[in-house]
Amino acid sequence: MKLVQDFNAFLNDTVNLNSTRFDQLESSIEAIKTAVRGLDWKPSIVGFAAQGSWAHKTIIRPLPGDPFDADLLVYVKPVAGWEAKDYINDLYAEMGRLGLYKDKIRRYSHCITVEYAGERKIDVAPCVKERLHTGVWEVCNRDTNLFEKSNPLDYTDWLIERNSICGNNNFRKATRLLKYLRDIKTNFTCPSFLLTTLLGKHVYASDRGDAGFEDVPTTLKTLIDRLDDWLQANPPKPTVRNPVLFEEIQSTAWDDAKYLNFRSKINLYRGWIDDAYDDPDKEESIGKWQRVFGEDFAVREAAEKAGKVSEAALSVVRGSSVSAGVADLVALVKKIGLAALPSGFDRLPHMRRPQWRMATGTRLTVNVGARLWTSRYGQNVCSLASLAPTQSGHWIRFNASNNLGLPFPETYMVEWRVTNTDEVARRANALRGDYYRSDEPWVRWEQLSYRGVHMVEAFLIRKSDDTLLGKSDPFYVVIE
């Protein structure tokens with residue numbers, strides 16, 4: 001499902017740079033402009049301009065503990081006799097004489113950077129106007145001592161046009177979502193300028209008014225589908241040029257290995273996005289979108305669904321003889337067994353969907369057995385059946401085996417999805433639903449804590465290629 005409202009909330013609450021930080025950024029940039037104008041710096045300043053994600057309006061909120069950054073160009077007239085390195089070195093020296101900035105500045109290849117205690121960073125890059133030729137602007141590379149052509153204003157205009165074609169700022173929003181995906185997954189490399197170019201190149205003039213861009217999730221799906229199609233058609237690393245500056249090859253940010261990894265990951269996430277978008281069941285679709293973007297997507301809706309499983313189950317039997325004396329799902333399970341579980345109980349949205357590629361062909365059988373223990377290092381009490389009522393405070397030792405009751409080869413591993421439900425676990429912020437490694441080969445230990453009906457499942461994965469070969473049925477843990 002598209003879940004347009006959930007995407008709007010996710011962008012506002014999690015992805016977009018919040019207003020407080022944006023105001024801090026604007027204030028810091030104005031202060032830097034004032035400081036640079038007042039320096040005893042030889043170049044004559046023509047003006048300032050935003051560059052990068054700040055200028056393109058694709059800046060996103062950083063992950064916890066990370067700073068957010070912005071790029072500020074300082075347009076200047078050339079200074080007779082100066083080399084490329086002089087513009088940066090002299091700017092660094094002059095800014096260092098100001099008490100406000102001397103402990104905040106760093107010097108890099110193309111800019112000086114003002115750092116604000118891990119909160120935000122602002123890169124200040126000199127850009128020289130018409131040093132040799134009319135209409136040519138150049139940034140300065142201090143490391144190579146070379147001037148490099150730059151065309152940031154036309155590039156920003158090109159992106160504005162892409163965004164206009166898509167309509168409703170959907171291009172910018174989809175770009176922010178994919179940047180957020182990159183940052184939370186941390187398993188592929190693609191600098192923002194290159195990612196933005198790749199996405200922009202897959203928006204065409206003929207797309208204006210096209211249904212493929214009618215809302216944010218549809219735009220996201222359209223762009224990643226087109227990008228993946230292009231990547232799969234280009235197994236060797238292609239040349240990606242700046243669309244408004246032919247000489248600039250942006251794909252030099254990748255080596256061959258980084259490109260192949262990017263190509264593989266985009267193909268994987270394209271499949272996940274298509275799967276989430278196409279699923280007609282809302283709860284299942286939320287879970288699949290969470291597989292893409294993490295648990296912060298539709299987090300309140302998912303938690304509410306998990307916390308109200310008793311309410312959902314009792315609404316079905318209310319008024320019948322079955323409901324007499326029944327207060328919650330635990331009591332109902334004790335009365336009528338498996339039939340008490342509400343529809344969709346084993347695919348609640350807060351349950352993390354599998355992250356592994358599915359094996360093609362026949363899948364392997366995975367069974368889960370369980371024994372009750374007084375504690376993890378205590379006494380073995382008895383074997384335990386799924387749906388059998390237990391008491392909190394005990395431990396369960398879960399064991400995964402094949403269809404013959406034997407362990408799997410060492411070339412495989414088992415990960416366990418442990419899911420809590422109902423109001424007691426929700427209030428304790430302990431709904432879980434994530435994957436956990438085995439504590440020992442084929443074994444997982446869990447302590448019984450919260451009244452409710454919970455689930456444990458075993459997922460069998462081949463180590464060599466991270467492929468999912470099979471999964472068990474849910475083992476239902478009923479805690480009184």
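**Close-up views of a predicted model**

**View 1. Strands β11 and β14 pair side by side.** Strand β11 (residues 367-373) runs antiparallel to strand β14 (residues 395-401), and seven bridges join the pair. The model shown here is predicted. Asn 367 faces Ser 401 of β14. Strands of a sheet pair through backbone hydrogen bonds, in either a parallel or an antiparallel sense.

**View 2. Four strands form an open sheet in the order β12-β11-β14-β17**. The pairing is antiparallel.

**View 3. Helix α4 has a buried side.** The helix covers residues 84-96, 13 residues in total. At 1.5 Å a residue it should span 18 Å; the C-alpha atoms at its ends lie 19 Å apart, which agrees. Which residues of α4 are buried? They are Ala 84, Tyr 87, Ile 88, Leu 91, Glu 94 and Met 95. These residues lie on the same side of α4 because they cover an arc of only 135 degrees around the axis.

**View 4. Thr 14 sits in helix α1**. This helix comprises residues 4-15. Is Thr 14 buried or exposed? Its relative accessibility is 16%, so Thr 14 counts as buried; the cut-off for buried is under 20%. Leaving aside residues up to four places away in sequence, Thr 14 touches Ala 9, Arg 61, Tyr 180 and Asp 296.

Methods:
Residues are numbered from 1 along each chain as its sequence is written. This is a predicted model: local features need pLDDT of at least 70, side-chain atom pairs count only at pLDDT 80 or more; totals for chains, interfaces and linings use all residues. Side-chain values use heavy atoms; hydrogens and water are left out. Helices (H or I, at least four residues) and strands (E, at least two) are DSSP runs, numbered from the N terminus. The expected span of a helix is 1.5 Å times one less than its number of residues. Buried means under 20% relative accessible area, exposed over 50%, partly exposed in between (1.4 Å probe, protein chains only). The arc is that of the directions from the helix axis to the C-beta atoms. Contact means heavy atoms within 4.5 Å. Two strands pair if DSSP finds at least two bridges between them.
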